[in-house]
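Visitor: I have just opened this entry and would like to go through it with you. Could we begin with how the helices pack?

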Amino acid sequence: MRTVLRRPDFRLLFAGLLASMTAESILLLALAIWVKDLTGSDGLAGATIFAVVAPMTLAPLVGWFVDRYPRRPFFVAANLVTAALLTPLFTVRDSGDVWLVYVVAALYGLSYIALSAALSGLIRELVPVELLAEANGVLQTVRQGLRLIGPLAGAALYAAIGGWALAGIGVAGFLAAAAVVSALPTPQPPPPT
């Protein structure tokens with residue numbers, strides 16, 4: 001683990017990913033809690049989680065699409081688009097606006113797939129083959145840890161500061177990830193053999 005973290009390009013990528021993975025994980029449960037607060041319905045709150053995970057059925061198609069583009073520009077653009085797609089949450093006021101939460105949740109689930117697909121290719125571009133397992137191990141450890149802590153932290157933050165502020169934190173996380181990953185040095189092509 002220490003070997004891959006000694007690489008400046010991987011540390012920079014790791015910092016950007018930490019921002020986007022934190023934003024991803026804190027919003028997951030908080031969107032459902034927000035719908036529950038607006039409607040008082042457990043079923044409608046559960047439908048929010050369904051809206052996030054339903055796009056997973058499109059994962060092969062999204063992966064095929066992502067493979068057609070250069071990884072780093074796609075990853076930066078996907079983070080910027082994800083930040084933009086969270087902005088309609090700032091207009092949610094009452095139960096009549098729950099449909100906005102569902103639309104954002106579905107698009108958010110789709111962006112999660114696209115970001116994951118772009119990330120796997122981006123890591124292969126930045127990290128030598130002999131360090132790929134270590135790099136993936138570091139990222140998976142953090143991702144799984146955030147899956148445990150993030151939704152609970154998001155629920156606590158929602159209770160403390162509300163949905164709009166939490167959406168703002170999510171937007172900031174995705175913008176930070178885009179900025180950090182765009183600052184990565186361009187990988188040098190291998191010399192011709």
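Predicted model: local features only at pLDDT ≥ 70, side-chain atom pairs only at ≥ 80, totals over all residues.

Visitor: Is the crossing of helix 2 and helix 6 left-handed or right-handed?

Guide: The crossing of these two helices is left-handed.

Visitor: Which residues make that contact?

Guide: From helix 2, the contact residues are D9, L13, L17, A23, E24, S25, L27, L31, V35, L38 and T39. From helix 6, they are V98, V101, Y102, A105, Y108, Y112, L115, L119, L122, I123 and L126. By class, the contact of helix 2 with helix 6 comprises 18 nonpolar, 2 polar and 2 charged residues.

Visitor: And at what angle do the axes of helix 2 and helix 8 cross?

Guide: The axes of helix 2 and helix 8 (residues 163–182) cross at roughly 160 degrees and come within 8 Å. Helix 2 is therefore roughly antiparallel to helix 8. The crossing of helix 2 with helix 8 is left-handed.

Visitor: Which residues meet there?

Guide: Helix 2 contributes L12, L13, A15, G16, A19, S20, A23, E24, I26, L27, A30 and W34. Helix 8 contributes G163, W164, L166, A167, I169, G170, G173, F174, A176, A177, V180 and V181. The contact of helix 2 with helix 8 counts 18 nonpolar, 5 polar and 1 charged residues.

Visitor: Let us move to helix 4. How is it placed against helix 6?

Guide: Helix 4 (residues 59–66) packs with helix 6 at an angle of about 50 degrees, and their axes are 9 Å apart. Helix 4 and helix 6 are therefore oblique to each other. Helix 4 passes helix 6 in a right-handed crossing.

Visitor: What meets what in that pair?

Guide: A59, V62, G63 and V66 of helix 4 meet L110, I113, A114, A117 and A118 of helix 6. The residues of this contact divide into 8 nonpolar, 1 polar and no charged.

Visitor: A change of topic: where does V142 lie, and which residues is it in contact with, leaving aside neighbours within four places in sequence?

Guide: V142 lies in helix 7 (residues 132–161). Apart from neighbours within four places in sequence, V142 is in contact with F14, L18 and M21. V142 and L18 are 124 residues apart along the chain, and their C-alpha atoms are separated by 7.8 Å.

Visitor: Which residues does UniProt list as "transmembrane region"?

Guide: The unreviewed UniProt entry lists residues 12–35, 47–66, 73–92, 98–123 and 156–184 under that name.

Visitor: How much helix is there in residues 73–92 and in residues 98–123?

Guide: Residues 73–92 are 65% helix and 0% strand, with the end C-alpha atoms 31 Å apart. Residues 98–123 are 100% helix and 0% strand, and there the end C-alpha atoms are 37 Å apart.

How values were computed:
Residues numbered from 1 in each chain as written. Heavy atoms only, no water. Left-handed = near helix turned anticlockwise from the far one by under 90°. Helix = DSSP H or I, 4+ residues; strand = E, 2+ residues; numbered from the N terminus. Contact = heavy atoms within 4.5 Å. Nonpolar A, V, L, I, M, F, W, Y, C, P; charged D, E, K, R; others polar. UniProt positions renumbered as here; feature names shortened; annotations may be inferred. Axes fitted to C-alpha atoms, helices over the stretch in contact; angles between N-to-C directions. Parallel < 35°, antiparallel > 145°, perpendicular 65-115°, else oblique.
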